[in-house]
Amino acid sequence: MSAGRERLVWTVGLFFVLAFALIPVLWLLSLSLKQTPDLTDNAFLPLGGITFDNYSQIFSGDIPFPKYLVTSIGIALIATLISITLGAMCAYALARLDFPGKRIILAVALAIAMFPPISVVGPLFDMWRNIGLFDTWQGLVIPYMTFTLPLAIYTLSAFFREIPWELEQAAQIDGATPFQAFRQVIVPLAAPGTFTAAILVFIFAWNDFIFAITLTSTDNARTVPAGLSFFSGGSQFETPVGAIAAASVVVTIPIIIMVLIFQRRIVAGLTSGAVKG
Amino acid sequence: MAEIALQHVTKRYPDGFEAVKDMDLDIRDGEFMILVGPSGCGKSTALRMIAGLEDISEGELIIGGDVVNDKAPKDRDIAMVFQNYALYPHMTVRENMGFALKLAKVDKAEIDRKVEEASKILDLDQHLDRKPANLSGGQRQRVAMGRAIVRDPSVFLMDEPLSNLDAKLRVQMRTEVSRIQERLGTTMVYVTHDQTEAMTLGDRVAVMRGGVLQQVDTPKELYDNPKNLFVAGFIGSPAMNFVPARIEGSRVSLPFGEVELPDELRRRIESAGHGGGREVIAGVRPEHFESADVLDHETPAGLRFRTKIDVLESMGSELYVYFRVEGQTSSDQLAELAEDAGMADLPGSEDASQVVARLAPEANVRQGGEAELVLDTSKIQLFEPQTGQNLTARVAEAAAR
């Protein structure tokens, strides 16, 4: 049966890809559960026995990991909220209105998204120190917002373009004010797009290391990725591999939860945005 | 209930294009008015101006006695059915139909009552809790109508509501629309490019071409007395035949032969000052031909002629025969019609016109054979080639008086 064989090939292939993607994560998980002496035993599984010491260490040690976590969540959420709100308004205008300079705005937005963060981080460091944004939440929210806005605008405008004009006109005729039409007809319909954009923005802000490490100097605004690099072992010569692994696992959890919850919406969102628009 | 008046209404786009030019139209209270014309004739734009979805560049729009040029759609007391239905995909049928009432803050029990009442009329009661995505085309169409009905507006606007349905369903929904309008007695403005819909549905039909209103009349008047070539060619299926002709005194020479103008026709032409030798275009409806062998000999003699039948189509209830005659007509209006029908590029011989005749089913004709046909000369219409003006129509006479 050639169909059966084809199916088998696909299954094996998929399994391979899945394993390829998951092995580092599983290794990290296994590291975080290993006891300190076993850390360098090169074994994939924590054969020496499972311990949760690493986890209790990161939540109770000298390093204020919970504070990093709060900072990370706070900054990522604020950046997402602002980025999506501004992006939605901008995208709506781009999708609905015909005005001079529309293409230029889109081109500039795209150019910003292409900009390598590493090239702006130096000047930003100087600027932020001069105007007092260095080592503050705002100091991180602003660059995150800047880099994610183009993404939000692109995703959302593709969605808005797909919503037929007539729906708004129908709402108008049904007696809706422009805002009611936007709120009760357009926004619900664009929800998948909004979720998609929001998750992408959130992940960008959550994962960022370069801005976080450069634009902070104290625990005041240090996010988890930056904070992790300050983990230190019991002595100068000890690397806290277990603790870092545990922290890495912990920071992955919120993203996994978010993606699982919104998975169906994201899939619907990504594909429906791709076909047209 | 409301009457609508368009007074010198013009729609001009920023680039200078005029979609609707100086349109004057009075729609009576409770009337079923059809706007018909080929695509791009401005009929939808006119409707959208009535709806308030397009600004009016010039002129006044009066609904129920008030000038509503600057009123938002929601303040005009209108309901509209869109070509693609524009149902809200995230709402159930019930919510779709009740949306306008919800916005108007009608209380919930009242909304439910009205929605259920409308859904009964439209046979949608079983589908109230489904989403539009799970409905068939015809059901969606009915929901769109239901959304308009529940509001009990003073004017219904419909923008090609049946054009997305397949042929059979379209015929069924056509009678449905007719029934609903009858029942509600609401003023209705209905846009279509389908002349059959226009003829069957409307109390009156407004034919538009290139943004200009051509003629507003009852379907029968439009058919019998078209004002110009465009209306004559647009209304009727199969379309009216156009052949070159020449007036010489009281006689007209047609490709089929020469005829004495019936007195009535001659008087009309003369009263309009169009006598004398001149080239015209003659229009003949397919049903004004008949096969000689089915006619009694007592039948008032029409013009008898023999011709070779190129194609014979039998519909069961009638026969369509196609044959060719010498000479071609040329007119902007006819060219436009041909283009709209997608026939502009069809190959045709240089100096012959195709003519279609509708014969009784018992006519003894066969494809490729010769047949003797009779043309009822009293029904011939003559048109001025340049302006397309109908020289024989009663409307022209009425205007002259």
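A residue is called buried if 20 or more other C-beta atoms lie within 10 Å of its own, exposed if 12 or fewer do, and partly exposed in between, with the C-beta atoms placed from the backbone. The structure described here is a predicted model, in which local features need a pLDDT of at least 70 and side-chain atom pairs count only at pLDDT 80 or more, while totals for chains, interfaces and linings use all residues. Residues are numbered from 1 along each chain as its sequence is written, and chains are lettered from A, with ligands numbered from 1, in the order in which they are written.

The model scores ipTM 0.76 and pTM 0.76. In terms of pLDDT, which is the predictor's confidence in each residue on a scale from 0 to 100, chain B averages 86, and 92% of its residues score at least 70. Helices (H or I, at least four residues) and strands (E, at least two) are DSSP runs numbered from the N terminus. Within chain B, confidence is highest in strand E3 (residues 32–36), at a mean of 95, and lowest in helix H11 (residues 394–400), at 46. The pLDDT is below 50 over residues 395–401 of chain B, a stretch that has eight contacts in the model beyond near neighbours in sequence; here two residues are in contact if their C-beta atoms, placed from the backbone, lie within 7 Å.

Chain A has 11 helices and zero strands, and its C-alpha atoms fill a box of roughly 70 × 70 × 35 Å, taken along the principal axes. Of the 277 residues of chain A, 35% count as buried. Among the contacts in chain A with a separation of 6 or more, 76% are accounted for by residues 24 or more positions apart. Chain A is divided into domain 1 (1–51) and domain 2 (61–275), the bounds coming from an automatic or database domain assignment. The C-alpha centres of domain 1 and domain 2 of chain A lie 31 Å apart, and seven residues of domain 1 are in contact with six residues of domain 2. The side of domain 1 of chain A that touches domain 2 of chain A is made up of four nonpolar, two polar and one charged residues, where Ala, Val, Leu, Ile, Met, Phe, Trp, Tyr, Cys and Pro count as nonpolar, Asp, Glu, Lys and Arg as charged, and the others, Gly among them, as polar.

One residue of chain A, A:Ser72, may be followed in detail. A:Ser72 is placed in helix H3 (residues 65–96) of chain A, and A:Ser72 counts as buried because it has 24 C-beta neighbours inside 10 Å. When residues up to four places away in sequence are not counted, A:Ser72 touches A:Trp206, A:Thr223 and A:Val224.

The buried residues of H3(B) are B:Ile111, B:Val115, B:Ala118 and B:Ser119. Seen down the axis of H3(B), these buried residues fall within an arc of 100°, so they line one face of the helix; the arc is that of the directions from the helix axis to the C-beta atoms. An α-helix has 3.6 residues a turn, so residues three or four places apart point the same way. The buried residues of H3(B) pack against helix H2 (93–103) and helix H4 (137–149) of chain B, whereas the face turned away from the buried side carries the exposed residues B:Ala109, B:Glu110 and B:Lys120. Just after H3(B), B:Asp123 takes a positive phi of about 65°.Chain B is likewise divided, into domain 1 (4–229) and domain 2 (235–400), and the C-alpha centres of these domains of chain B lie 36 Å apart. In chain B, 12 residues of domain 1 are in contact with 15 residues of domain 2. Between the two chains, the contact takes 14 residues from chain A and 17 residues from chain B. On the side of chain A that touches chain B, helix H7 (165–173) and helix H8 (178–207) of chain A are the elements that give two or more residues, and H7(A) gives the most, with six residues.
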